[in-house]
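Trainee: I'd like to learn how to read a model like this one. Can we go through it together, surface to inside?

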Amino acid sequence: MSAGVVAVVCAGVAAWMVADGRGAASRRARSLLDGGGAVGPPVWMRVAGRMRGLRAEWWAPVAGVVIAVLGASVLPLLAGAAGVPLLRRVRRAAEERRYRERRGDAVVALCAALAGEVRAGWQPGEALTRAARDSGGLGEAQALVLAAARFGGDVPGALADAARQPGGDGLLGLAACWRVAVDRGAGLAAGLDRLEGALRAERDQRADLRAQLAGARSTAVMLAGLPVLGLLLGTALGADPLHVVLHSMAGLGCLFVGAALEGGGLWWALRIVRGAEAA
């Protein structure tokens with residue numbers, strides 16, 4: 001069964017390469033018949049480009065195929081397929097975190113620009129329109145907020161709605177400043193300056209904490225990768241650890257127990273780091 005799996009994988013790779021080579025030959029022929037011109041990159045460069053374009057989660061089945069061929073077992077294929085949704089979730093969480101950070105920076109820039117426009121003599125509604133044009137801090141709700149500011153609507157309410165989007169928490173402070181300035185005649189620019197300073201301090205504190213916790217996170221990931229390094233070293237020394245792990249009952253038992261302990265330890269360590277960031 002293992003030999004059949006390896007044969008199927010190799011046949012599939014060979015068929016893909018042959019088809020790609022035929023496509024390259026036909027493109028080269030069409031280029032020559034059309035009067036010359038650039039032939040295009042070779043096959044290996046196109047393959048490298050496709051591999052670079054893969055999302056992070058699709059490297060799991062690629063690694064599973066490689067280990068399945070080396071170890072002559074179907075288990076790495078199954079593990080690689082199971083790792084796709086997990087890695088996709090990790091990637092999306094990282095993308096959401098980066099989006100929240102960019103949105104928070106945009107809100108800070110919006111407060112600074114709005115304070116400058118108010119000091120330049122513009123009315124609050126027009127100043128908000130001019131400030132939001134370049135900062136992008138209002139996000140998807142920018143049209144609603146600007147319509148409320150232009151036509152005398154509920155600007156604080158629109159800002160509070162925009163604050164529900166990820167990374168827009170600072171807009172709640174802007175809504176409070178707007179309400180106090182418009183309803184009670186207080187200085188809007190002074191309140192925006194204090195709000196901008198508070199948001200910047202919070203952002204810097206969060207970045208400093210993340211930098212301090214980066215070492216702990218990297219150490220946990222590195223320790224989780226040590227068993228893989230041990231397998232590679234054993235293979236380099238000729239001990240054939242993949243055969244022992246994948247084709248014996250003791251090896252399979254050690255594999256499942258070790259994978260469970262590794263996953264639990266990595267999850268617990270990263271949970272502690274996320275708890276520290278949230279606190």
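This is a predicted model: local features need pLDDT of at least 70, side-chain atom pairs count only at pLDDT 80 or more; totals for chains, interfaces and linings use all residues.

Trainee: How much of the protein is buried?

Mentor: Of its 279 residues, 28% are buried.

Trainee: Next, the fold. How many helices and strands does the protein have?

Mentor: You'll count 12 helices and zero strands. Read from the N terminus, the order of elements is α-α-α-α-α-α-α-α-α-α-α-α.

Trainee: And what share of the contacts joins residues at least 24 apart?

Mentor: Take the contacts between residues at least 6 apart in sequence: 57% of them join residues at least 24 apart.

Trainee: Now the cysteines. How many disulfides does a search of the whole structure find?

Mentor: First the general idea: a disulfide is a covalent bond between the sulfur atoms of two cysteines. In this model, the search turns up zero disulfides. Take Cys111, which is in no disulfide: the nearest cysteine sulfur belongs to Cys177, 7.4 Å away.

Trainee: Is Cys111 buried or exposed?

Mentor: Cys111 is buried, at a relative accessible area of 0%. Cys177 is buried too, with a value of 17%, since the cut-off for buried is under 20%.

How values were computed:
Residues are numbered from 1 along each chain as its sequence is written. Side-chain values use heavy atoms; hydrogens and water are left out. A disulfide is a pair of cysteine sulfur atoms within 2.5 Å. Buried means under 20% relative accessible area, exposed over 50%, partly exposed in between (1.4 Å probe, protein chains only). Helices (H or I, at least four residues) and strands (E, at least two) are DSSP runs, numbered from the N terminus. Contact means heavy atoms within 4.5 Å.
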